Amino acid sequence: MTATGEPGNREDSSTGAPATNTNTPTTIVTPPSPNPVPSDLPMPNSNGSGNHKSTIVIESQPKRRVSIISDPPAIGGSGPGSGYDNPAYEQNPRRKISQTSTHSHSDIGPARRKSILKDSAPPHDYDSDRASTHSYENYRQNALDVLNAKYNGHQMGHTSLGDSNGGANYVEESWMYTFCLKCRGEEPSSSWEPPFWQKIFPYPLCPTFRTVSRLISIILIGVLIWVTAFVIIGDSAAPGGQLFGLVVLTVAANFGGYLISLTTLPRLIGMLMVGILFQNVGWANLDGDFSKVTAHLRKFALTIILTRAGLEMEPEAFKKVYKTILKLGIIPWCVEAAVMAVMSHFLLDLPWIWAFLLGSIIAAVSPAVVVPCLFRLRTKGYGVAKGIPTLVVAVAGVDDALSVAIFGIISTVMFSDKGLAYQIAQAPVCIIGGLGFGVIWGSLARIFPEKGDAFVVPLRTLLLFTGGLMAIYGSEELGFEGAGPLAVVFSAFVSNLFWCKDGWNVEDNPVSTAFEVFWMIFEPILFGLTGATIKIRELDSHTVSIGAACIFTGSILRILTTAGIAFGDRLNTKEKFFVGLSWMAKATVQAALGPVALKHLDENSTDDERNWANIVQTICVFSIVLTAPLGAILISVTGTKLLTKTKQPQDLSGWRRSHRPSIRDISIIDEEEEREDPEIPEDKETHDNTLNNAHIPTISYTYNT
């Protein structure tokens, strides 16, 4: 059989050079096709000569768009490693592949990469790779098949063969399998395990060997630390002691957070509930002299919260939209704090200064609730085109810094016995001093240690953490408590700005990862302690109901204010309301600052002051209970309804991880199934390229038999 192509410019398939343009059709000898001739082809002529001539036009397949996002290949070279299908026929090295490609037309390359659909190498045996590692597919192929076979064999002993066929996948269809699979997280890499493990502990009905070994390691470390602490401290670390009770509360809070996380709600809800349970059952005894220890733990947790808030702010994005961030971070905060102060003054009989102290705490947003929910939306492509997740997280950092700074100023004025001039100087001194310390300490973190040091990550982490602790404790000692939180946030932001200039990526900052580890340790401690401050039998129903009304009223007015002032920010009405909804969740700042006012009181304080401090603490805790789960649910549910989804898939490796080129960067998407993104404007150069290629004729083949 011979295939005759139409005249025109062609290229030699063996050399890659263009063929001569002639009027003589080119004949290519091809091996006989192993497939039978389709039935719709014309039959031979009736004269029985056996020769016939038919023309088959290859119908266009469903249009597919190939998007390649990778580093530019080296220009030049025509060998097999040059990365081009045919370098000699590469007429336009700057050609943009698709509408969503990130290639620049002004730069050299990247040109057409070698297609992944054409591979001369023998196919790779991926089955052997899967057999050598314990992936999810491998788990299901061994132990679960055995269980299914045993179940089917048992069924065949009681029923007919036809009735037992429906139970072929009984285990995988059971509710227990679904529940256990939901409890198992995806492992980042392949794991080793003993050969007998899957026979005794089949996955996912039982945890993997990696999970069990990790748990055993943590238990051994905890036991060794406890034995050492018992030898050094004595009875307080023994069972029944306050330190031992704190450790048990922390472990139980962590487990409660894990159980709540299975419902996709924030872990801190479970931690808070465990603390409330321990207090009201009588398992927590953290009063007396041990309250000094818990106060210091709260300050450590506050330092970690504020440092992470500063590291979350992307310097380049902040410089571009700093007006929007400050506008949406300050004005809605002031509205919610003022509403909370006015309502608590008239409805709960709090003095004005106590009312504004409560308002400054309640108006803070919780990144611990907002960030995980926005991460799930971001990985699905919602709101990414306009940078809404980044905007919400940046405003949350500004919001927390403002809340803690105003709280420090008000509490210093409340519990200080110094003169009026000192109280008036609180605000300017705290703002200027906090920002100045942040600039100085952030600049030092760039110079010391040197960026090429082998231990640059741990040294920078410890330098930033110890500097934050010095700012918190030092400002309190000097009597300007509001300066410390501002200094912590701003020092983290300035240091992150300099590190980005030196080559670090905001989304892959190892110092930020280290503070995430710190937060994993202090999160159950903070929320467990906060829950343990609530004694249900001593609660006043009037205070709880009025406090809930104040919280929801302030949140609703904040949402409306956000939607009203977000003009000129390229956000439509739905996106404005979503941004307002995402800032209603309360958690971290309320847990850290709620009990602080009560700790400031001493034996000379009046009963009214103690009552006011208890009201502040109670409303702060209930703001977490009411708004944290509701905020998480609203973000997850309304995000898919109010935000626009981009068609380009997002990096699923994590929000804090940089994008690395891989085979997953190449996506082939059917245009019929793809919705055009209204957020991406029409690309003129891509449109021009399409028009320029319109003259290429449809390829047809003539078959001679």
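Biologist: Are lysine 586 and glutamate 336 buried or exposed?

Modeller: Start with the cut-offs: buried means under 20% relative accessible area, exposed over 50%, and partly exposed in between, using a 1.4 Å probe and protein chains only. Lysine 586 is buried, and glutamate 336 is buried too. The model is predicted: local features need pLDDT of at least 70, side-chain atom pairs count only at pLDDT 80 or more, and totals for chains, interfaces and linings use all residues. Residues are numbered from 1 along each chain as its sequence is written, and side-chain values use heavy atoms, with hydrogens and water left out.

Biologist: What joins the side chains of lysine 586 and glutamate 336?

Modeller: A salt bridge, meaning a side-chain nitrogen of Lys or Arg within 4 Å of a carboxyl oxygen of Asp or Glu. Here the N to O distance is 2.6 Å. The pair links distant parts of the chain, 250 residues apart. Lysine 586 sits in the loop between α22 (573-582) and α23 (588-593), while glutamate 336 sits in helix α12. Helices (H or I, at least four residues) and strands (E, at least two) are DSSP runs, numbered from the N terminus.

Biologist: Which other residue forms a salt bridge with glutamate 336?

Modeller: Arginine 558 does, with its closest N and O atoms 2.9 Å apart. Arginine 558 belongs to helix α21 (residues 541-565) and glutamate 336 to helix α12 (residues 322-347), 222 residues apart. Arginine 558 has a relative accessible area of 1%, so it is buried. Glutamate 336 also counts as buried, at 1% relative accessibility.

Biologist: How many salt bridges does the whole structure hold?

Modeller: A search finds 6. Another pair is lysine 299 with glutamate 476, whose closest N and O atoms are 2.6 Å apart. Lysine 299 lies in helix α10 and glutamate 476 in helix α18 (residues 456-478), so this pair ties together parts that are 177 residues apart in sequence. Glutamate 476 is partly exposed, at 31% relative accessibility.

Biologist: What does threonine 303 touch, leaving aside its neighbours within four places in sequence?

Modeller: Contact means heavy atoms within 4.5 Å. Threonine 303 also lies in helix α10. Its contacts are Phe465, Gly468, Leu469, Ile472 and Val488. At 0% relative accessibility, threonine 303 is buried.

Biologist: Where is tryptophan 499 found?

Modeller: In helix α19 (residues 483-501). Tryptophan 499 is buried, with a relative accessible area of 0%. Not counting residues up to four places away in sequence, it touches Leu311, Ala445, Arg446, Arg460, Leu464, Trp504, Asn509 and Val511. Its C-alpha atom is 9.8 Å from that of glycine 442, 57 residues apart along the chain.

Biologist: Which residues of α8 are buried?

Modeller: Gly245, Leu246, Leu249, Thr250, Ala253, Gly256 and Gly257. They cover an arc of only 140° around the axis, which puts them on the same side of α8. The arc is that of the directions from the helix axis to the C-beta atoms. Val251 and Phe255, on the other side of α8, are exposed. The cover over the buried residues includes α9 (267-281), α10 (291-312) and α20 (510-531).

Biologist: How far does helix α8 reach from its first C-alpha to its last?

Modeller: The expected span of a helix is 1.5 Å times one less than its number of residues. Helix α8 (residues 242-261) has 20 residues and reaches 28 Å, close to the 28 Å expected.

Biologist: Which residues touch the most other members of the largest nonpolar core?

Modeller: In soluble globular proteins, nonpolar side chains tend to be buried together. A nonpolar core is a set of buried Ala, Val, Leu, Ile, Met, Phe, Trp, Tyr and Cys residues joined through side-chain atoms within 4.5 Å. In the largest core, of 110 residues, Leu268, Trp354 and Phe527 touch the most other members. Helix α15 (residues 388-414) gives the largest share, 14 residues. A second, separate core has 5 residues, including Tyr422, Cys430, Phe480 and Ala483.

Biologist: How many helices and strands does the protein have?

Modeller: It has 26 helices and 6 strands. Of its 705 residues, 42% are buried. Among contacts between residues at least 6 apart in sequence, 76% join residues at least 24 apart.
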